[in-house]
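This briefing concerns the fold, the packing and one selected residue of a protein model. Please consult the sequence and structure shown here alongside the points below.

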Amino acid sequence: MTFDYDEHQIPDFEKENSSSSLKDRPQLKYDMPSLLLSYVKTVFLSGVANTVLYVLMKPFYTFIRLWTIDRFNMPKSVFYVLSTFFWHSFLYFSINGMFLSFEYFSLFESRKYPRKKHARFPPSYLIRSAILDGLKDQLSSLLTMFFVFPLTTACGIEYDPISFPSLSYVFVCGMLSFIWLDTTFYWSHRFLHRPWWYSRVHKKHHQFKATIGFAAEHAHWFEQLFSNQIPYVAFTCLSSMHHCASLSWLALRLWETYEGHSGYCLLVGSEGFHDFHHTHGQSNLGAHPLWDVVMGTCDPWLRERFDRSLLSEDNSKQ
């Protein structure tokens, strides 16, 4: 099955981002020390942000978990499913609703990305479709999480407040989680831009040329599973992350992707790195520029808009 959408609303990646064209694309020389320093800084800040969110969430998590045990004698499996579902839904509607209100009421105009003229604000029917799809995907995930729960317990994930991990452990997990997700997102995203997979799966996500926060989860079910859910569950299991810490990490991860699609740069936006991917229909397959620079898939972005300090002196003279 292929997606038959209006071609004026989606970028054509079939030729632009085929594996052969990526290899043939001319390579620039980069100031790798500056790029690596940027990456290390982002990794460190991810650890700090994850730790801060974890500290803020601990009292609420403790209260809710003890209340569900005392009032309902709720099993861990039910608590895992419902807490993840409601937390995800709350973040989905609150954060994206906030960004959408910025657009409707013309707030924070100085923080909006400059977009190409053809990348107009999406029509209302497309926004409604994205919200309904997001809600349906979250409801369907309820069943999936019940099957995932035995795996989490087998990997040693704890749910009770008496077994909270140390702050240093949460900090390290926050740093490693960014490296993990940045790597898995780049390669899964690049895979989905192969012509066959793009036309049948990833093209749905690119209905939005000018993205909004709600567009972040507007995707085919296979993409949701392959690029989002499996990497998230895999890292929580591999790290044996406490459920409270995994919820704080989920909040950080969702904020990053929602802001990256919102059209605004408030806290973690990489100066429109992913926004360029949608509005220009080329390059920028990762969350951070590092993988794209190494693999040569972000030259158009660097030529047009990225920090010129990433270009070597030789290229600056060209």
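Ser239 counts as buried because its relative accessibility is 12%, where buried means under 20% relative accessible area, exposed over 50% and partly exposed in between (1.4 Å probe, protein chains only). The model is predicted, so local features need pLDDT of at least 70 and side-chain atom pairs count only at pLDDT 80 or more, whereas totals for chains, interfaces and linings use all residues. Residues are numbered from 1 along each chain as its sequence is written, and side-chain values use heavy atoms, with hydrogens and water left out.

**Surroundings of Ser239**

- Ser239 belongs to helix H8 (residues 221-239); helices (H or I, at least four residues) and strands (E, at least two) are DSSP runs, numbered from the N terminus.
- A polar atom of the Ser239 side chain lies 2.7 Å from the backbone oxygen of Phe235.
- Apart from neighbours within four places in sequence, Ser239 is in contact (heavy atoms within 4.5 Å) with Tyr169 and Cys173.

**Overall fold**

- The protein has 13 helices and 0 strands.
- Buried residues account for 51% of its 318 residues.
- Of the contacts between residues at least 6 apart in sequence, 79% join residues at least 24 apart.

**Nonpolar cores**

- A nonpolar core is a set of buried Ala, Val, Leu, Ile, Met, Phe, Trp, Tyr and Cys residues joined through side-chain atoms within 4.5 Å.
- The largest such core holds 45 residues, of which Tyr80, Tyr159 and Ile212 touch the most other members.
- Two or more residues of this core come from each of helix H3 (32-72), helix H4 (76-104), helix H5 (124-154), helix H6 (167-192), H8 and helix H9 (243-262).
- H4 supplies the largest share of this core, 10 residues.
- Another core, of 10 residues, lies apart from it and includes Met175, Val293, Cys298 and Leu302.
- Beyond its neighbours within four places in sequence, Ile212 is in contact with Leu100, Phe121, Pro122, Ile127, His261 and Ser262.

**Packing of H3 and H4**

- The axes of H3 and H4 come within 11 Å and cross at roughly 135°; axes are lines fitted to C-alpha atoms, for helices over the stretch in contact, and angles run from 0 to 180 degrees between N-to-C directions.
- H3 and H4 are therefore oblique to each other, since angles under 35 degrees count as roughly parallel, over 145 as roughly antiparallel, 65 to 115 as roughly perpendicular and the rest as oblique.
- Met57, Tyr61, Ile64, Arg65 and Thr68 of H3 make the contact with Lys76, Phe79 and Trp87 of H4.

Conventions. Polar contact = N/O pair within 3.5 Å; in protein donor to acceptor, adjacent residues only side chain to side chain.
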